[in-house]
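This report describes one protein chain for a reader who has its sequence and three-dimensional structure at hand. Please look at the structure first and then read on.

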Amino acid sequence: TSTRQTIFLPVIGLVAPEDLRPGDLIGSNKDSYLILEKLPAEYDSRIRAFEVDEKPTETYNDLGGLEKEINELKEAVVLPMTHKEAFEKIGIKAPKGVLLHGPPGT
């Protein structure tokens, strides 16, 4: 959709399944969700502000007073990524990543 929702379609439509890959942009009928065409890949310039160009040098120790938030982040994101098999056994898929943003100290 124009809001980039993820919808799993039971019927492919007018585009051959072998021509589609996860993450492809498609044009679909708004009522039936029939895939009408594969759209060209585009780059959303709003995302550029959130891209990491180089590995950050900060560590958890640099985040003073955020122990609760750090533990929540580790439990929700880091552990499922580092112990993927254990979490999949209980039905939890590892996230692809996390986006943290905001000015320092918030």
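Among contacts in the protein chain between residues at least 6 apart in sequence, 14% join residues at least 24 apart. The model is predicted, and its mean pLDDT over the protein chain is 76. Of the residues, 78% reach a pLDDT of 70 or more. Where pLDDT is low, the predicted coordinates should not be read in detail.

How many helices and strands does the protein chain contain? It has 2 helices and 2 strands, and their order from the N terminus is β-β-α-α. Confidence is lowest in one of the strands and highest in one of the helices, as the table shows.

| Element | Residues | Mean pLDDT |
|---|---|---|
| Strand β1 (lowest) | 26-28 | 79 |
| Helix α1 (highest) | 67-82 | 86 |

The two strands belong together. Strand β2 covers residues 35-38 and runs antiparallel to β1, to which 3 bridges join it. In one of these pairings, Ile-26 has Lys-38 in β2 as its bridge partner. The strands form a hairpin with 6 residues between them. In this hairpin, Tyr-33 takes a positive phi near 60 degrees. As a general point on such elements, side chains in a regular strand alternate between the two faces of the sheet.

How much of the protein chain counts as buried? The share is 8% of its 106 residues. The accessible surface of the protein chain comes to about 9,600 Å², and carbon and sulfur atoms account for 56% of that surface.

Conventions: Residues are numbered from 1 along each chain as its sequence is written. This is a predicted model: local features need pLDDT of at least 70, side-chain atom pairs count only at pLDDT 80 or more; totals for chains, interfaces and linings use all residues. Side-chain values use heavy atoms; hydrogens and water are left out. Helices (H or I, at least four residues) and strands (E, at least two) are DSSP runs, numbered from the N terminus. Buried means under 20% relative accessible area, exposed over 50%, partly exposed in between (1.4 Å probe, protein chains only). Contact means heavy atoms within 4.5 Å. Accessible areas come from the Shrake-Rupley method with a 1.4 Å probe; for residues, only the protein chains shown count as cover. pLDDT is the predictor's confidence in each residue, from 0 to 100. Two strands pair if DSSP finds at least two bridges between them.
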